[in-house]
Amino acid sequence: MQLLLIEDDELVASGLVAGLELDGFVVDHVSNGRQASHAMSLFTPDALILDLGLPDADGMAMLRQWRSEGLNAPVLILTARDALNDRVAGLEAGGDDYVLKPFELDELVARLRALVRRAAGRSVSEIVHGDLIVRPSEGEVRLCDQPVRLSRRELTLLEKFLNARGTVLTEDQLKDSLYGMTTNVESNALNVHIYHLRKKLGRELIETVRGVGYRLGPPLSVSDQAAS
Amino acid sequence: MSLQRRLLLLLGSSFVLLWLSAAGLLYVDLDRQVSETLDHRLAASATMVAGLIARQPELLTAPADNPLLVEPESEGVACQIRSAGGQVLLQTSGAKNLLTNKASTGFDTRTIGETQWRLFTLNHEGVLITTADRMTERSSLQNGIIIVMVVPFALAFVGSLLALWLGVRQGLSPLKRLFRALDSRKPANLEPVNIGDAPAELKPVVETLNNLFVRVDRAVRREQRFASNAAHEFRTPLTAIKTHLQVAQKVQGEPQQQALINAECGVGRLQRVTEQLLMLARLEQGSEWPGAAESRVDQVIAEATTDLPQATRLKVEPGTENPVMAVPQVLAGVAVRNLIENALKYSASDRPVELRAFRGSEHVTFVIRDHGHNDQASERAQINDVTGSSEIRGHGLGLTIVETIVSRFSGSLDVQPNAAGGQDWILEFPVEG
């Protein structure tokens, strides 16, 4: 799951990046409003973590502008402003959740997962796709009720496809969700992960859309797979 | 007691006193005038009888054993005509008892039997003509006059009191509106009071009150801003410490060591925020600052720039002179350092921050210049438009401390936008002596 962290305090940001990456998130960090606007023009993350007190801009106003421009990704406001009117203003400006500093890392992770889950139209953490059941928070994947071991990146990639619900994802989007904006990856790294996913979960799980990218295949049952 | 009740009591009692005094005086005067009028009537009656006798002297030749003039006569003016020798020549029936030995003329009041009379005796060519009124008849006439006088007086009196009550009530209504407006306010409500069209006497009160509300509102907002900034400055390093400690619990080896180092860094920042707050508390106590009350510019600059994070971005122009300022070195150093740190924090990390110091006629001026975030001032303006605010923001505790030091040591602090798209912070302290 790819996150954009907008936080001006480097010490807080480094702790957040480290903590979130431990839970399988891919985090791109920017430290001011200008960088945040630039990042948002390049990609749309699965969720944003926004600090309101940026040195060159007001986070609340930026959020309001992004929402007016059609941003649908969930936004978690992370701030030291604890006044009731700040919290109300943050949520009314387009924030989906409001977490006060300091916070529990586990709670932050759970809130982020819940935000992304709701944005994908699901009310429970479990994702069911035919015989495939994925529980992202536990890192658990079951196919035909049998556990399947996936690497962290494979799980991230699978979650990206499941949350996209059949929408075609470009290679760049998939690479960003795996490695973030700042990391250069080998050109065939994505193909290797897709190959492994297909090998472990079935060829029909991920369809190739020639010249565009990939998308999640239709949900299949055991009988369908046997037939194929 | 309410103002309205007090006014009504005071004015009402004054009204009662005045009206009663006026009524008393009027009654006494009227009583006197009625008595005089009745006396005049007696005298006129006697004169009229004398005129009749003069024209018709045969009237006095009536038999002496039956001198009745009018039969019967129970009220009104009684009349008796006597000869100089005291013989009753003529009389009304009611005057039978008026016989008097006195030959005096003029007015007299006498009780004859059980009846009190008012008499007037006229000597007409040796004949004594006496006319008389019963005092009971006079009293009933006077009582009638009092009743006629009392009714309009009472009506006017009650009407006056009613008009007084209405007038006071109407006159005090702006005051009542002000009372209701203030009485129904919640303690946190600092909106201006509006009582509509206030009278001239009340306008200064309402204006003063509203000005006070504005000042209190500003003070509350300033305190809230300070509390919010202080909370931010405390929570941020606390968040860093807590996050890195949580990460350290989940990892091993070098990442764990790095997380602990970061947490320690957060502790250092937290310590600094605490020290700044303590310094602010000491400054606001107003007690004498320990140590020398003067400092040199070069020492202040050295104090402000020692161990400064991102020190490579700072360019210092200390000036050719090295004047002495009337401010303790440690405080001047803290003020300059806080402004430098703010400038470093709130401008792009690849841009320099400049510190210049120079001496004026009475002040030493420090100018801390940052170059903003964007390449052009127009871009900065765009960001300000986006934020909906062009005010200086986010300078937290550090700026509050600078302002407190400046105010305590007769200095000044100003901020101006510069051509580079950043801000110039201008700090001045008075020259010693």
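How many salt bridges are there over all chains? The count comes to 28, taking a salt bridge as a side-chain nitrogen of Lys or Arg within 4 Å of a carboxyl oxygen of Asp or Glu. This is a predicted model, where local features need pLDDT of at least 70 and side-chain atom pairs count only at pLDDT 80 or more, while totals for chains, interfaces and linings use all residues. Residues are numbered from 1 along each chain as its sequence is written, chains are lettered from A and ligands numbered from 1 in the order in which they are written, and side-chain values use heavy atoms, leaving out hydrogens and water.

**View 1. A salt bridge between Glu154(A) and Lys200(A).** Their closest N and O atoms are 2.8 Å apart. Glu154(A) sits in helix 6 (residues 152-164) of chain A and Lys200(A) in helix 8 (residues 189-201) of chain A, so the pair ties together parts that are 46 residues apart in sequence. Helices here are DSSP runs (H or I, at least four residues), as are strands (E, at least two), numbered from the N terminus.

**View 2. Helix 1 meets helix 5 in chain A.** Leu16(A), Gly19(A) and Leu20(A) of helix 1 touch Leu105(A), Leu108(A), Val109(A) and Leu112(A) of helix 5, contact meaning heavy atoms within 4.5 Å. Sorted by class, that's 6 nonpolar, 1 polar and no charged residues. Nonpolar covers Ala, Val, Leu, Ile, Met, Phe, Trp, Tyr, Cys and Pro; charged covers Asp, Glu, Lys and Arg; the others, Gly among them, are polar.

**View 3. A cis peptide bond between Lys101(A) and Pro102(A).** Omega is about -10° here. Look for Pro102(A) in the loop between strand 5 (97-100) and helix 5 of chain A.

**View 4. Asp145(A) and its positive phi.** Phi is about 65°, although Asp145(A) is not a glycine. You'll find Asp145(A) in the loop between strand 8 (140-143) and strand 9 (146-147) of chain A.
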